[in-house]
Amino acid sequence: MNSTAAIVEARNPTDWQGDAMQKRIRKRYSAERRFKALGLGAIMLSAGFLAFLLIVMVGNGLRGFTQTELPVEIDFPAMTGGASASQFEGANGKANLRTLGVRDIVNASVEIQYGEKGRELFSAGGWQAVSTAIMSDPDVIETKTTLYLPVESEIDVAYKGDGNAFAEKKVAELGDKLSTGFNSNFLFNSDATDPMQVGIWGALKGSLITMFITLMIAFPIGVLSALYLEEYAPKNRYTDLIEVSINNLAAVPSIIFGLLGLAVFLNLFGLPRSAALVGGLTLALMTMPVIVISGRNAVKAVPPSIREAALGIGASQMQVVFHHVLPLALPGILTGTIIGMARALGETAPLLMIGMRAFIATPPGGIVEPSTVLPVQIFLWSDEVNRGFVEKTSAAIIVLLLFLLTMNALAIYLRNRFETRW
Amino acid sequence: MTDLVDSASTSESSTMTESTVPAISAGDGPLKMTTRNVDVFYGEKQAINGVSIDVTMDNVTAFIGPSGCGKSTFLRCLNRMNDTIPIAKVTGDITLEGEDIYAPKMDVVQLRARVGMVFQKPNPFPKSIYDNIAYGPRIHGLATSKDELDNIVETSLQRAGLWGEVQDRLQDSGTALSGGQQQRLCIARAIAVDPEVILMDEPCSALDPIATAKIEELIHELRGKYAIVIVTHNMQQAARVSQRTAFFHLGTLVEYGVTSDIFTNPTQEKTRDYITGRYG
């Protein structure tokens with residue numbers, strides 16, 4: 001007892017005001033400030049990169065949604081020899097339009113206004129805009145009307161401020177006649193050789209179909225696997241092996257799934273090349289492990305007390321799973337599915353292996369028809385020599401990002417809906 | 001201490017089990033469940049060693065004992081909740097109304113509807129109060145119409161003493177209730193499927209004294225309608241709510257008898273030590 005008292009007595013009170021202590025405190029505070037500054041710096045840097053990326057993409061990409069146009073006056077009554085509007089209405093309208101020879105009419109009108117070489121000013125497929133105009137409003141065929149047609153790609157680029165010397169000269173010559181209009185081709189056309197005529201619709205539709213197939217296959221199989229592994233499977237060496245394999249599958253480079261798809265779906269099953277079906281199946285293989293892993297974690301996070309409660313009043317295993325575990329795990333499963341689907345949507349490499357890099361000039365009409373997807377289309381356009389494709393590539397990236405945002409927003413909406421459902 | 005354990009598991013347990021079973025006497029009501037020589041193993045480890053107990057209709061049976069003595073494990077054998085633990089193995093005979101509940105032809109789902117359970121922590125489903133109660137009758141098809149289901153929900157809540165507090169907000173979430181109300185909701189949920197036996201695994205351990213008093217009162221009222229088995233480590237609670245008490249120690253049944261006898265005049269030294277607070 002005495003000795004303890006002596007030790008207590010001998011101990012000096014801490015000198016909080018001493019130099020050494022004050023220095024230590026200052027050092028601690030500066031370390032704190034340094035760490036905070038570093039963290040803030042890291043955030044600023046990543047935000048800066050993101051902002052830079054978005055500004056460049058949007059800046060370049062928005063020009064892809066516009067086109068440079070020249071006015072062409074077409075005297076339809078004189079050119080067609082008095083065709084009537086009624087010919088182009090109804091079922092036979094398209095066939096009649098084909099026999100009319102719109103292309104020649106447009107070319108003739110262009111030559112009248114812009115001279116012998118006038119045709120070179122215009123995009124080769126520009127006359128199609130006239131066909132579209134007639135189809136949407138047949139009455140123009142009975143009048144003398146002025147239509148704005150897209151110019152040739154180099155002039156378009158030059159007018160937008162990035163062209164070569166020759167095109168710049170042309171732009172200067174044309175001067176006020178040039179104007180900027182909305183490029184509806186870009187939204188409704190598919191791939192083409194002329195950048196003025198390319199469109200994203202084919203790739204967008206291909207992506208939609210592919211994603212649908214991926215979701216339809218990967219989601220149910222992934223969720224059922226996760227539920228079985230967590231709720232039914234015994235915990236032994238075999239299930240451990242399966243778990244390790246699934247974790248490894250999620251980390252396998254995507255191009256290997258492409259090879260697998262090539263070997264299994266194309267060579268073994270003989271499915272058609274370039275088809276959205278094969279693309280969807282291949283991406284489903286890639287997405288499934290992600291859904292299984294996140295699904296298992298979500299199922300694991302459901303409190304065991306809920307299972308016990310349901311079992312305790314005589315629910316069968318399946319009733320426990322479908323009435324209680326799955327609804328509670330669904331938000332988590334959906335989060336994993338979003339991540340997996342977002343990755344699948346942006347995937348290019350495996351699709352190259354199964355032939356989806358082909359030049360597809362018409363939107364796919366079904367799951368076995370040749371199609372391409374947005375990231376592959378971006379990849380293909382980025383490879384083009386023609387400078388007109390630069391802005392189209394950026395515009396396609398904007399479409400891809402918007403698609404991604406829409407998909408995620410939908411999934412987040414669904415997740416929140418299920419989370420508050422009682 | 002080791003000597004004590006050894007003697008308990010060898011000499012005493014064999015003699016004790018035989019002397020405790022006939023504790024059921026006339027006036028106790030019909031026999032509901034019997035267990036004979038029940039052993040439970042978790043892998044290699046033996047958690048329950050040769051327990052024989054009878055549960056009667058008219059009595060509340062309490063299982064007491066120090067933590068880890070196997071009382072909850074044994075309780076969970078009575079409705080085969082141990083089936084959910086892959087490494088658990090149960091041997092011996094457990095019967096409900098003379099039927100062997102571990103027989104291969106026994107339907108576990110139906111058994112759990114007949115032997116309901118209330119857990120240590122209140123565990124209402126994250127659904128409305130109404131759906132919490134209606135879930136059991138729905139999956140067992142006990143109600144043929146909406147009115148009938150409404151009726152089951154109302155009577156179950158009334159029996160659990162919760163109707164007055166929740167009748168205006170049946171569509172509110174069950175998880176929004178207070179702890180005591182949640183536990184009574186869980187009791188109502190167990191009652192709703194009209195069980196024969198209700199097992200309660202330390203139902204008040206997560207509750208404050210007022211909520212505990214309400215649950216105990218409820219147990220009194222339910223007595224006779226259902227055979228009730230309650231696990232508790234609160235000896236005063238066992239003395240208050242039960243008519244039969246079983247004292248478990250290290251996986252063996254040390255003593256089983258009329259509650260007042262166990263608390264005032266235990267025959268085993270270990271029981272006396274536990275009740276007087278020498279260990280546990």
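## Domains of chain A

The C-alpha centres of domain 1 and domain 2 of chain A are 44 Å apart. Domain 1 covers residues 66-182 of chain A, and domain 2 covers residues 201-419. The model described in this report is a predicted one.

## The sheet in chain A

Chain A contains an open sheet of 3 strands, arranged in the order S2-S1-S3, with antiparallel pairing. From one strand to the next, the twist averages 55°. In general, the strands of a sheet pair through backbone hydrogen bonds, and the pairing may be parallel or antiparallel.

Strand S1 of chain A spans residues 66-75 and is joined to S3(A) by 4 bridges, the two strands running antiparallel. Across this pairing, Gln67(A) stands opposite Gly181(A), a residue of S3(A).

## A helix pair in chain B

Two packed helices are described by the angle between their axes and by the distance between those axes. In chain B, helix H7 (residues 179-192) packs against helix H8 (residues 209-222) at an angle of about 20°, and their axes are 9 Å apart. H7(B) is therefore roughly parallel to H8(B), since angles under 35 degrees count as roughly parallel. The crossing of H7(B) and H8(B) is right-handed.

On the side of H7(B), the contact is made by Gly179(B), Gly180(B), Gln183(B), Arg184(B) and Ile187(B). On the side of H8(B), Ala211(B), Lys214(B), Ile215(B) and Leu218(B) take part. By residue type, the contact of H7(B) with H8(B) comprises 4 nonpolar, 3 polar and 2 charged residues.

## Contact between chains A and B

The two chains also touch one another: 16 residues of chain A are in contact with 23 residues of chain B. Helix H14 (304-312) and helix H15 (317-345) of chain A each supply at least two residues of the side of chain A that touches chain B. Of the elements on that side, H14(A) gives the most, with 6 residues.

The residues of the side of chain A that touches chain B divide into 8 nonpolar, 6 polar and 2 charged.

Key: Residues numbered from 1 in each chain as written. Chains lettered and ligands numbered in written order. Predicted model: local features only at pLDDT ≥ 70, side-chain atom pairs only at ≥ 80, totals over all residues. Domains from an automatic or database assignment. Pairing = 2+ DSSP bridges. Axes fitted to C-alpha atoms, helices over the stretch in contact; angles between N-to-C directions. Parallel < 35°, antiparallel > 145°, perpendicular 65-115°, else oblique. Left-handed = near helix turned anticlockwise from the far one by under 90°. Contact = placed C-beta atoms within 7 Å. Nonpolar A, V, L, I, M, F, W, Y, C, P; charged D, E, K, R; others polar.
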